[in-house]
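Open the model in your viewer and colour it by chain. Then follow the stops below in order.

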Amino acid sequence: MLNFLNKKSCCSVETDTPGDLERIILVGNPNVGKSVIFNHFSDSYAVVSNYPGTTVAISKGKTKIGEKEFEIIDTPGMYSLQPITDEERVSQNYLFDNKAYVYLHVIDAKNLQRMLPLTLQLIEAQVPLILVLNMMDEAQHRGVSINASRLEKMLGIPVICTTSINGEGLDKLEDAIAGYSFQPGAGNVRYSKGIEYAIDSISSLLKSEYSISKRSVAQMLLLNDKLAYEKVKQNNEDTEVIRRIVEGTEKEYSDPLNYTITVERQNYVNEIVDPVMKTDRIVYQKGIETSKENKNSLGQRIDKLLIQPLTGIPILLIILYFGLYKFVGGFAAGTVVDYLEGTLFGEQINPWVIENFNAVVPFPIIQDLFVGEYGIFTQAVTYAIALIMPLVGAFFIVFSIIEDTGYLPRLAMLIDRVFKKIGMSGRAVIPMVLGFGCATMATMVTRTLETRREKLIASMLLALAIPCSAQLGVILGVLSFSGTALAIWAIVIAIELVTIGYISSKLMPGEKPSFFIEMPPLRLPKLSNVLVKTYSRMQWYFLEVLPLFVLASVLIWLGRLTGLFDIAVRLLGYPSQWIGLPAEAGLMFFYGFFRRDFGAAGLFDMYNAGMLTEVNLVVAAITLTLFMPCIAQFLVTVKERGIKTAFAMATFIFPGAFAVGFIVNYLLTNFGVVL
Amino acid sequence: MKISEDAENIIERMWVHINEEKNESMDLTSLGLDDKSPAVQELLEAENIVLSDTHATLSEEGDANGRTVVRRRRLAERLLVDVLNTKEKHVRSSACEFEHILHRGIDENVCILLGHPRTCPHGKEIPEGECCIKAREELEHVVASLSALKKGQCGNIAYFDMREDKKMQKMLAMGVLPGIPVKLVQSYPSYVFDLNHTRYAVDKEIADSIYVRIERD
């Protein structure tokens with residue numbers, strides 16, 4: 001039984017949980033399995049994947065542990081209490097503002113040495129804390145064994161070993177949570193004199209209470225943390241004196257304080273880890289363990305092929321060909337859509353619904369609203385279910401599989417050099433690829449990018465040139481009559497993408513992007529995880545598009561009653577005619593305002609009706625791809641980038657799309673290109 | 001062929017006169033010598049110098065010999081001043097005697113003992129010996145930026161560029177800290193490396209700013 005069907009919403013969307021339940025908060029580095037643990041306990045679902053930075057906002061859910069109900073919260077991955085990216089800032093902010101029943105610091109057991117510093121920071125903050133050593137299976141696989149009870153004594157907090165992906169140890173974790181009572185940890189780092197002195201002086205200056213210890217706040221202030229200064233200012237503390245202490249201490253040390261503190265903390269961690277962690281090295285080589293089994297394992301050999309450009313790029317093309325072209329463009333857009341739209345809805349469901357509806361409701365105006373040519377059922381629902389769902393679903397299945405194998409960071413690594421030319425780092429490949437599914441969703445994910453400039457360029461290109469899966473599916477289907485047509489479309493879009501990216505990277509001020517990404521080991525995707533993820537993404541998508549489709553139907557209905565609809569379509573008919581299309585194509589662009597995929601559906605209809613010549617099809621496909629971001633994406637862009645930026649983008653994109661369409665039409669007709 | 005102390009003194013003067021003071025040739029009469037002097041005869045026989053009238057130039061071999069004599073003399077000066085604590089006024093005369101004793105092999109040992117000094121106590125450059133070149137190369141190869149590593153090379157993080165605050169924070173977040181073992185997996189199109197148990201991919205700018213103490217095989 002697909003028990004996930006009754007799980008609530010998804011996709012890092014904040015959902016409010018009523019009541020004042022006590023909170024369990026998950027924190028930790030990216031990619032250590034926080035979301036898997038969250039999903040185990042929670043009644044709602046967070047999208048989990050094998051690449052860093054999936055959780056871009058806080059997800060909340062409810063859970064029952066022992067006899068008690070809790071609110072469980074998943075925070076975006078963070079490396080330390082001093083954040084670099086926006087996602088980390090979200091977690092830091094959360095820590096500052098919320099009291100918790102207990103924090104679960106989830107770490108990757110084999111990387112104990114690297115991740116324990118954050119545990120120590122949390123112990124310093126004196127928050128209630130349980131340390132979860134996750135991914136024990138991978139640690140064992142690498143010959144790493146950890147003496148958890150000894151670690152527990154040294155840190156003075158409960159330590160639980162788990163392998164969350166197959167549920168191992170989660171019962172123990174549950175017991176530990178149920179029986180938890182606060183004990184201040186023992187693992188307090190002592191820093192060198194000057195730093196200790198500064199921390200003491202700053203904490204003694206702090207008059208208000210914070211949800212984390214004063215020692216911890218003082219440390220953040222010493223490192224000039226923006227958020228800490230804000231919070232302290234809000235509480236009317238004497239920031240002038242604090243700043244003077246900080247400046248004095250900075251002068252005392254030759255290295256930056258951040259560095260010094262981190263090194264001192266790490267030295268302390270090494271002292272803890274040494275007696276606790278053992279590595280059986282089968283072949284110990286130059287400080288890095290390469291056990292025979294690991295080196296020759298299939299996964300590592302595949303990994304090697306994926307990351308070398310000589311083999312990696314052909315593999316990428318194969319994935320694109322089968323994943324996108326064959327599966328989404330061929331199978332979903334062809335076979336499935338033909339059946340659903342043509343046969344199931346076109347011949348069976350819709351005629352039956354129309355007949356019955358008309359029999360029950362004898363008013364033509366109402367009939368028109370629900371089952372007319374542009375009716376809520378006959379158009380909005382039919383489009384959404386029969387055309388858009390299969391395309392988007394197919395794309396998300398492919399995307400989820402690719403995502404779960406851990407291929408995306410490898411793709412980011414392969415493509416970084418190219419992306420740098422258009423002002424983005426390889427990291428941006430994740431929202432860009434996701435954009436082929438739904439540009440609205442992708443615009444949200446641009447949050448994981450580091451600089452404002454990079455986010456801006458990414459949202460711009462997403463709005464401009466990345467067709468969403470529905471568009472892509474329809475375009476691939478419509479243009480499949482000729483390879484040349486498809487090639488022209490792809491080349492024009494690619495040129496536009498590269499040119500605009502290149503120009504904006506030259507013009508836009510701000511920091512150049514830098515690239516680093518963690519590459520987790522390749523994993524075989526779990527079917528259940530892929531299905532759950534695809535399902536929750538589609539659910540999100542469906543809830544997102546259907547209201548807009550319905551709204552479009554209602555507006556068109558109103559427009560037709562008042563005659564405004566004809567004016568709007570006629571107005572859009574002019575630019576359509578300039579690019580050589582029949583005036584009726586205005587309707588398609590009109591749809592495009594609501595949702596990109598809706599516009600694609602319009603194109604599909606005109607194609608089926610045989611209203612377009614081959615050149616028309618190419619020009620229409622190009623213009624539609626470059627056309628305005630849809631309302632949904634536009635709204636998200638407003639939310640993420642601000643209203644001014646969003647409008648600036650729109651005013652540039654709208655005429656731009658028609659201009660490119662005009663040029664392509666001019667060239668194709670004047671040179672008499674036969675497709 | 002070994003040459004006499006007098007002959008060594010002549011080519012030493014000639015080497016400095018020609019190579020450091022940038023003259024075409026040396027007038028032997030300025031040294032109170034002519035082509036009949038036994039030391040000059042010896043140098044001519046050993047094909048260390050070429051004579052035209054009273055002007056002498058160094059042959060290739062003479063140049064090399066002159067260079068080592070100068071090197072030995074200046075090393076001797078360094079030894080006398082730095083190690084034996086000789087008073088300034090005695091340095092010159094003692095060095096004159098010392099330089100003839102420091103033959104090949106011994107001068108290298110002295111050079112290593114002194115830590116491959118670059119200048120003599122008077123501030124003049126000491127010509128590099130083979131040992132100096134080797135030592136410098138080794139030093140360069142001991143610590144290199146991550147981007148200069150060869151595929152598969154291992155080492156430990158030595159230090160990293162800390163000039164930019166943001167960049168440094170990123171390194172610290174990744175766990176790039178002195179002493180952590182690192183191995184370069186791939187260098188194109190991006191730099192891929194294992195840091196302890198975690199694999200990262202970074203761009204050239206970041207790879208350039210991480211320095212690794214390379215472990216030798």
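This is a predicted model: local features need pLDDT of at least 70, side-chain atom pairs count only at pLDDT 80 or more; totals for chains, interfaces and linings use all residues.

**Stop 1: a sheet in chain B.** Select residues 26-27, 49-52 and 55-58 of chain B, which are strands E1, E2 and E3. Together they form an open sheet of 3 strands, in the order E1-E3-E2, with antiparallel pairing. Strands in a sheet are held to each other by backbone hydrogen bonds, and the pairing may be parallel or antiparallel.

Which strands stand at the edges? They are E1(B) and E2(B); each has a single partner strand, so one of its sides has no neighbour in the sheet.

Now zoom in on E2(B) and E3(B), which run antiparallel and are joined by 4 bridges. Pick B:Ile49 and look across to B:Leu58, its bridge partner in E3(B).

**Stop 2: where the chains meet.** Show both chains. The contact takes 34 residues from chain A and 32 residues from chain B. On the chain A side, select H3 (112-124), H11 (257-276), H17 (407-421) and strand E11 (516-518), each of which supplies at least two residues. Coloured by class, the side of chain A that touches chain B has 15 nonpolar, 11 polar and 8 charged residues.

Stop 3: To finish, select A:Phe516 and find B:Val202, which stands opposite in E8(B).

Key
Residues are numbered from 1 along each chain as its sequence is written. Chains are lettered from A and ligands numbered from 1 in the order in which they are written. Two strands pair if DSSP finds at least two bridges between them. Two residues are in contact if their C-beta atoms, placed from the backbone, lie within 7 Å. Ala, Val, Leu, Ile, Met, Phe, Trp, Tyr, Cys and Pro count as nonpolar, Asp, Glu, Lys and Arg as charged, and the others, Gly among them, as polar.
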